[in-house]
Amino acid sequence: MRKEETYLVVTLWLLLLSNALACQVSDVVAVSGFLSSVGVNQILLVWLVDMLLTILITGLQSLVVDRFNRVSLMGWMSCAYVLMLVVLRLLFSLQAPRWLNYSLLYLLAEQQLLFFPLVFWILANDLFDMAQTKRLFPLIATGSFVGQILGLGLAAIAPTLLTQLQLKPEELLSLNALVYLAAFLLIQSRLKDIKFRQTTQKQESAIATLTEAWSFVREVSSFRYLTVAILAINVCLTVFEFHFLVVSNHVFSTADSYQRFYSLYRLGLTLTSFVIQGFFTSFLIKITGLKNAFFALPLAQLIGTFSMMLFPGIVGGVSGFSLSKLTQFTIDESARKSFQAFVPEERRGRVSMFMDSYLFAIGTVIGCLAIGVIVLLGIQFNISTYFYAYLCIGLIACGGAIAAIIKMRSVYEESLFNWRLKRRQRGKIILDKLNL
């Protein structure tokens with residue numbers, strides 16, 4: 001590796017690490033503080049707002065990313081995060097309503113997790129050629145994993161450490177602001193004068209992008225059924241996460257205790273996902289075949305639903321949610337990306353954005369609304385076991401996802417001959433190999 005290339009890889013690795021670290025710390029602090037100060041039921045409103053922002057930003061990203069210099073955009077974005085974190089720190093100092101402070105912090109963390117990696121990887125693709133990306137991107141991507149580990153570890157020890165130093169939990173916001181300030185300085189010193197490949201991309205409106213993606217999904221039957229399955233899966237994921245927060249918050253009722261628990265839980269989940277992804281996922285997809293791999297997540301959710309119903313406390317909540325998330329992060333995510341490889345290059349970005357962003361947001365909104373109605377009715381009529389009702393929503397969603405995947409599997413081969421996939425001439429060969 002040449003010296004200039006090494007410097008560039010290290011710079012990008014540190015930028016990815018910085019964002020991952022700050023996102024994890026902000027997210028854990030926001031969730032822990034919100035649950036202890038406001039309550040778990042109100043987080044449904046925060047999720048709704050977050051999903052509306054996700055839809056908005058996903059729609060605007062194509063209008064912003066391709067119209068500005070990538071390095072300048074990364075720099076200004078880092079500065080914007082510094083400013084927003086400083087403003088949030090002032091709101092805490094001025095004793096603004098805690099629901100507002102923690103809601104804004106959560107929304108900021110989620111948008112950091114969404115938009116920073118988007119711009120980052122587009123910039124990285126501009127800096128390297130195809131041969132370099134295959135060799136260097138896996139190495140650069142480890143920065144995100146290391147950042148997650150460091151962020152979650154810091155969040156876990158922060159309550160004890162801050163107590164000893166007689167500091168408030170919101171001082172972590174100051175730390176995050178310094179992290180993004182360091183990222184800005186790194187961008188200015190290492191990337192400002194770098195010459196990179198200028199790519200010409202077609203400018204389209206958000207409506208045109210969404211219309212093209214929807215047209216593709218509607219006309220390719222296997223993608224159409226998979227879309228239904230993904231929507232149902234995300235409804236179930238919302239149910240699972242809400243129930244997990246309800247039962248865990250009941251056991252760890254203070255902000256500090258919940259922050260320790262939540263950080264360590266997510267740290268364990270991240271490490272386990274990394275091991276499964278690295279050593280087992282490819283083997284499992286190979287022996288089951290790509291079209292059958294999509295059954296893994298809804299079946300895991302089905303088992304998780306019964307676990308939560310049979311053991312309504314923290315044991316069932318944690319085990320069911322963990323099984324679902326581990327399957328999502330490993331087998332399902334890999335299978336989905338492999339399936340999207342059948343989409344021609346000129347349409348793949350639009351279709352991926354639709355399936356990974358819009359469907360996630362829409363499914364979460366549906367889940368939040370359904371849970372919200374059940375929670376309100378349960379409180380109104382003083383029914384303590386209303387959680388069984390929203391778990392039934394999850395159960396129905398699991399059934400819908402499995403039925404949709406069965407339909408997808410029945411039209412899988414013939415879909416590859418659809419005219420919209422005609423540029424993927426090798427699709428049938430790839431399919432045969434995956435089904436060996």
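Q: Let's start with Q95: is Q95 buried or exposed?
A: Q95 counts as exposed because its relative accessibility is 70%. The cut-offs are under 20% relative accessible area for buried, over 50% for exposed, and in between for partly exposed (1.4 Å probe, protein chains only). A word on the source: this is a predicted model, with residues numbered from 1 along each chain as its sequence is written. Local features need pLDDT of at least 70 and side-chain atom pairs 80 or more, totals for chains, interfaces and linings use all residues, and side-chain values use heavy atoms, leaving out hydrogens and water.

Q: What is the phi of Q166, and where does Q166 sit?
A: Q166, also a residue other than glycine, has a positive phi near 55°. Q166 is in the loop between α5 (130-164) and α6 (171-190). With a relative accessible area of 75%, Q166 is exposed.

Q: On to helix packing: at what angle do α8 and α9 cross?
A: Packed helices are described by the angle between their axes and the distance between the axes. The axes of α8 (residues 221-251) and α9 (residues 255-279) come within 10 Å and cross at roughly 135°. That makes α8 oblique to α9. Axes are lines fitted to C-alpha atoms, for helices over the stretch in contact, with angles from 0 to 180 degrees between N-to-C directions. Under 35 degrees is roughly parallel, over 145 roughly antiparallel, 65 to 115 roughly perpendicular, and the rest oblique.

Q: Which residues of α8 and α9 meet?
A: On the α8 side they are F244, L245, S248 and N249, and they meet Y258, F261, Y262 and Y265 of α9. Contact means heavy atoms within 4.5 Å. By class, that contact has six nonpolar, two polar and no charged residues. Nonpolar covers Ala, Val, Leu, Ile, Met, Phe, Trp, Tyr, Cys and Pro; charged covers Asp, Glu, Lys and Arg; the others, Gly among them, are polar.

Q: How many salt bridges does the whole structure have?
A: Side chains of opposite charge can pair when their charged atoms come close. A search of the whole structure gives eight salt bridges, each a Lys or Arg side-chain nitrogen within 4 Å of an Asp or Glu carboxyl oxygen. One of them joins K291 and E413 at 2.7 Å, N to O. This pair links distant parts of the chain, with K291 in α11 (residues 290-293) and E413 in α16 (residues 412-415), 122 residues apart. K291 counts as buried at 11% relative accessibility, while E413, at 28%, counts as partly exposed.

Q: Which residues are linked in a salt-bridge network?
A: D332, R336, K337 and D356. R336 pairs with D356, their closest N and O atoms being 3.8 Å apart. R336 is in α13 (residues 314-340) and D356 in α14 (residues 345-380), 20 residues apart. D356 also meets K337, at 2.7 Å from N to O. D356 lies in α14 and K337 in α13, so this pair ties together parts 19 residues apart in sequence. R336 is buried at 14% relative accessible area, whereas K337 is partly exposed at 45%.

Technical notes. Helix = DSSP H or I, 4+ residues; strand = E, 2+ residues; numbered from the N terminus.
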